[in-house]
Amino acid sequence: MFTKETNSDVLRFECHSPEETTSFLGALMDFAQGEQIWLLEGDMGAGKTTFVRQVGEFLGFVESVQSPTFSIVNEYRSNSGKIYYHFDFYRINSEREAFEIGVEDYFYSGNMCFIEWSSRIPSLLPETYLQIKIDSINEHSRAYTITHKNTAIKRTI
């Protein structure tokens, strides 16, 4: 089940199975309006990597999605040849470490980026992105809150 709040850039949905999440992804892609940077927020074990795996199936990733916890970034290709990046900044020690691996090159490459633990690199994030908050309801159910963010607007106020 999903709802779009009126007069806002927020989309909410609950899913009680992976199939429900997969069936919702078409609506999510429309809502994303081409946004290439997706921040995945949620507690440890909330299902951030599982969500990327489901998006990868929807988009036709050739490689299987694995957690980039130790590699920091994984690269995937779709069957159409597009490139996607998946980051996990949980284990970095500083923003400088992320900067030194060239995250800005990835973020501004024009390729879609999925970012886990973005709170560890706040000053390196682009001004606009899609924030996806994942809350675990129980072992099989998740609640998603998706919001368009534009920090440039906040900076000018």
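Predicted model: local features only at pLDDT ≥ 70, side-chain atom pairs only at ≥ 80, totals over all residues.

Colleague: Then where is isoleucine 72 placed?

Modeller: Isoleucine 72 sits in the loop between H2 and strand E4 (73-77). Its phi is near 75 degrees, a positive value in a residue other than glycine. Isoleucine 72 also counts as buried, because its relative accessibility is 13% and the cut-off for buried is under 20%.

Colleague: Which other residues have a positive phi?

Modeller: One is tryptophan 117, with a phi of about 60 degrees although it is not a glycine; it lies in the loop between E6 and E7.

Colleague: You mentioned H1. How do I check the span of a helix?

Modeller: Multiply 1.5 Å by one less than the number of residues. Helix H1 (residues 18-32) has 15 residues, so it should span 21 Å; its end C-alpha atoms are 20 Å apart, which agrees.

Colleague: Where does H1 bend?

Modeller: At leucine 25, by about 40 degrees. Leucine 25 is also one of the buried residues of H1, which include Phe24 and Leu28 as well.

Colleague: What should I expect of buried nonpolar side chains?

Modeller: In soluble globular proteins, nonpolar side chains tend to be buried together. Here the largest nonpolar core has 25 residues, and those with the most contacts inside it are Leu28, Trp38, Phe51, Phe114, Ile132 and Ile146. Among the elements that give two or more residues to this core are H1, strand E3 (37-41) and helix H2 (48-59). The largest share, five residues, comes from H1.

Colleague: What is tryptophan 38 in contact with?

Modeller: Beyond its neighbours within four places in sequence, tryptophan 38 is in contact with residues including Leu28, Phe51, Phe114 and Ile132. Apart from this core lies another, of 18 residues, among them Phe87, Ile92, Ala98 and Ile115.

Colleague: Now the charges. How many salt bridges are there?

Modeller: Side chains of opposite charge can pair when their charged atoms come close. In this model the count comes to three. Arginine 96 pairs with glutamate 100, the closest N and O atoms being 3.2 Å apart.

Colleague: Why are arginine 96 and glutamate 100 separated by about one helical turn?

Modeller: An α-helix has 3.6 residues a turn, so residues three or four places apart point the same way. Arginine 96 and glutamate 100 are four residues apart in helix H3 (residues 95-100), and therefore about one helical turn separates them. Arginine 96 is exposed, at 58%, and glutamate 100 is exposed too, at 55%.

Colleague: And the other pairs?

Modeller: Glutamate 75 forms a salt bridge with arginine 77, with the closest N and O atoms 3.4 Å apart. Glutamate 75 is partly exposed, at 41%, as is arginine 77, at 37%. Lysine 133 and aspartate 135 also meet in a salt bridge, at 2.9 Å from N to O.

Colleague: Is glutamate 116 buried or exposed?

Modeller: Glutamate 116, in strand E6 (residues 112-116), is buried yet has no salt bridge. Still, Lys48 is among the residues in contact with glutamate 116, along with Leu40 and His86.

Note on methods:
Residues numbered from 1 in each chain as written. Heavy atoms only, no water. Buried < 20%, exposed > 50% of the residue type's maximum accessible area, 1.4 Å probe, protein only. Lys, Arg positive; Asp, Glu negative; His and termini not counted. Salt bridge = Lys/Arg side-chain N within 4 Å of Asp/Glu carboxyl O. Contact = heavy atoms within 4.5 Å. Bend = angle between axes of the 7 residues up to and from the residue. Core = buried A, V, L, I, M, F, W, Y, C linked by side-chain atoms within 4.5 Å.
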